[in-house]
Amino acid sequence: MFTIIDVSKAYGPKKLFENVNVSFSPGRRYGLTGPNGSGKTTFMKILAGDEEQDFGTISRPKKFGILRQDHFQYEAMRVLDVVIMGNKPLWAALSEKNKLLEKADLTEEDGNRLGDLETVIAEEDGYVAESDAAALLQGLGVENDGHEKPLGELQGGYKLRVLLAQALFGKPQGLLLDEPTNNLDLDSIRWLELFLHEYEGALITISHDRHFLNSICTHIADIDYETIITYPGGYDDMVRQKSSMRYQVESDNAEKQKKIAQLQDFIARFHAGTRASQVQSRAKQIDKLKSDDLKRSNIARPFIKFEQKNASGKQTLVLEGISKSYDGVSVIPPFSAIVTRGEKICVIGKNGVGKSTLVKMLAGVEKLDAGKMTWGHQASVGYMPQDHHGIIKKGTTAYNYLRDLDSKLYNEEISGLMGRMLFSGEERMKPTDTLSGGETVRVLLCQLMMRKDNVLVLDEPTNHLDLESIVALAEGLQRFEGTVIVVTHDQELIREVATRIWAPRKGKEVIDFGGSFDDFILKHPDAAAQRR
């Protein structure tokens with residue numbers, strides 16, 4: 001169990017949370033939620049012991065696993081060893097045993113020590129450690145041929161899977177997982193969901209994947225009102241409960257403000273009269289009401305509205321046998337399709353099957369090897385790549401970057417657009433060199449809204465966005481009257497937006513399915529396999 005007593009944390013004048021009292025119990029799975037900047041990652045670091053709280057105490061399980069995003073320290077190590085390191089007592093015992101066995105002559109003391117180490121190894125299931133580690137890796141999509149390699153030889157997304165296996169290894173009593181579904185395809189996410197459903201310890205996870213939180217969580221621990229409030233159920237359950245609670249809290253705040261105004265009015269009218277004692281009494285009441293700290297919710301949802309200057313022709317895009325290969329290996333085999341105005345196409349599938357390659361070809365970033373691509377009458381394409389590096393010009397501000405894109409827009413229009421995307425007055429002038437991942441995506445969404453294209457081609461647009469922003473994006477794509485082609489692993493966004501599915505597969509033709517995601521899962525054999 002993780003037990004938090006009177007814990008507070010602030011950075012300068014900004015309070016993240018104050019006097020938090022909460023317990024995370026075995027057998028329960030908690031989603032830690034809150035908008036970007038609310039302190040989720042900071043709280044997770046405090047739980048892990050990587051960062052100190054300002055005040056309060058924390059008790060932790062004796063053995064707990066942590067998903068660490070820094071893979072560089074393990075680059076030279078064998079992948080299986082990186083996973084086994086997740087069980088610290090076992091790894092320490094194995095390492096010491098190997099050092100002793102390297103000695104030319106063992107002393108009696110060494111022999112006794114080896115006996116002690118063998119006991120630890122047996123207690124920690126060390127004799128099946130490699131097979132257990134291999135099973136975890138396979139479930140997360142890291143095939144056998146990668147298990148013996150140094151971690152540095154794996155691609156970036158697979159390195160993170162190895163670190164996730166490390167956190168899960170060794171039957172920890174507690175698990176701290178920060179964004180565990182990042183860089184996982186739908187197969188691996190589903191495997192992780194099933195694994196965590198069987199987990200018996202205390203799980204605390206941060207995730208921007210609503211489907212994942214709804215699927216695995218028994219409780220949501222939400223950072224708001226400068227504290228942490230625990231709600232039973234998944235993310236959607238929390239939203240419903242929080243809406244009711246927020247209305248009550250803010251109604252109470254409004255009543256306090258009204259009472260303060262009445263007391264201040266009395267003081268203003270009688271401060272110079274004969275009712276000094278009553279004036280003093282009311283001043284004390286104001287101090288007491290103010291000391292109750294009228295805290296406001298930090299929840300904020302952007303408003304995303306994509307418009308189009310002109311509608312495209314009814315036949316928006318025609319693909320005739322387009323294909324792409326790298327070094328003689330086919331990534332996209334010949335693919336033909338007709339896209340009509342207003343369709344919402346979600347491109348889904350495992351990592352490495354060519355999803356990004358396909359949309360890059362549609363956006364004109366990658367050349368076709370063969371085939372023909374024809375955009376329809378008045379089709380105008382807005383493209384957001386998965387890799388945002390270098391897109392936004394450095395050496396300027398977020399506001400001026402958008403200002404330079406369209407000199408015809410009034411300053412008020414740009415300010416209003418940025419306000420809808422949660423950039424306050426000061427934040428609009430933030431240097432582009434210092435934009436966070438989430439801020440970069442919100443600026444790029446501003447750019448798309450300014451352009452008013454009638455076709456949107458988006459590659460993993462939910463990366464770096466918080467849950468509220470992802471919900472707003474899904475709503476914006478639903479309302480958009482133009483055509484959408486979006487690569488995403490976010491299952492809720494797929495469910496809410498898709499009217500058609502494209503599913504590239506390694507070494508096979510692209511599946512083109514007209515219908516919803518749920519119909520795709522039920523009716524297509526490959527989809528059923530993907531969900532197991």
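Take the hairpin of strand 10 and strand 11 to start: two residues sit between the strands, and D327 takes a positive phi near 50 degrees. Strands here are DSSP runs of E with at least two residues, helices are runs of H or I with at least four, and both are numbered from the N terminus. This is a predicted model, where local features need pLDDT of at least 70 and side-chain atom pairs count only at pLDDT 80 or more, while totals for chains, interfaces and linings use all residues. Residues are numbered from 1 along each chain as its sequence is written, and side-chain values use heavy atoms, with hydrogens and water left out.

**Strand pairing**

- Strand 10 (315-326) and strand 11 (residues 329-340) pair in the antiparallel sense over eight bridges; two strands pair if DSSP finds at least two bridges between them.
- Within that pairing, V318 has I338 in strand 11 as its bridge partner.
- Strand 10 also runs antiparallel to strand 13 (residues 370-375), with five bridges joining them, and here L317 is partnered with W375.
- Elsewhere, strand 8 (residues 219-224) and strand 9 are antiparallel and joined by six bridges, with A221 standing opposite T230.
- Strand 8 and strand 9 make a hairpin too, with two residues between them, and Y225 in the turn has a positive phi of about 55 degrees.

**Two loop residues**

- S312 is in the loop between helix 10 (276-291) and strand 10.
- S312 counts as buried because its relative accessibility is 4%; the scale is buried under 20% relative accessible area, exposed over 50% and partly exposed in between, using a 1.4 Å probe and protein chains only.
- Leaving aside residues up to four places away in sequence, S312 touches R341, H377, Q378, A379 and N454, where contact means heavy atoms within 4.5 Å.
- G233 lies in the loop between strand 9 (227-232) and helix 9, and it counts as buried because its relative accessibility is 17%.
- G233 touches C217, T218, H219 and I220, again not counting residues up to four places away in sequence.
- From G233 to M85 it's 148 residues in sequence and 33 Å in space, C-alpha to C-alpha.

**Cavities**

- Searching the whole structure turns up two cavities of 30 Å³ or more. On a 1 Å grid over the protein atoms alone, a cavity is a set of points where a 1.4 Å probe fits but cannot get out, and lining residues have an atom within 4 Å of a point.
- The largest cavity has a volume of about 100 Å³, a volume being the space filled by probe spheres set on grid points that are joined across faces, edges and corners.
- Eleven residues line the largest cavity, and the closest to its centre are G34, P35, D222, Y235 and E468.
- Helix 9 (235-270) and helix 15 (467-479) are the elements giving two or more residues to that lining, and helix 9 has the largest share, four residues.
- By class, the lining of the largest cavity has six nonpolar, two polar and three charged residues. Ala, Val, Leu, Ile, Met, Phe, Trp, Tyr, Cys and Pro count as nonpolar, Asp, Glu, Lys and Arg as charged, and the others, Gly among them, as polar.
- The second largest cavity has a volume of about 50 Å³, and its lining includes L67, R161 and E179.

Notes. On a 1 Å grid over the protein atoms alone, a cavity is a set of points where a 1.4 Å probe fits but cannot get out, and a pocket is an open set with protein on both sides within 12 Å along at least five of seven lines; lining residues have an atom within 4 Å of a point.
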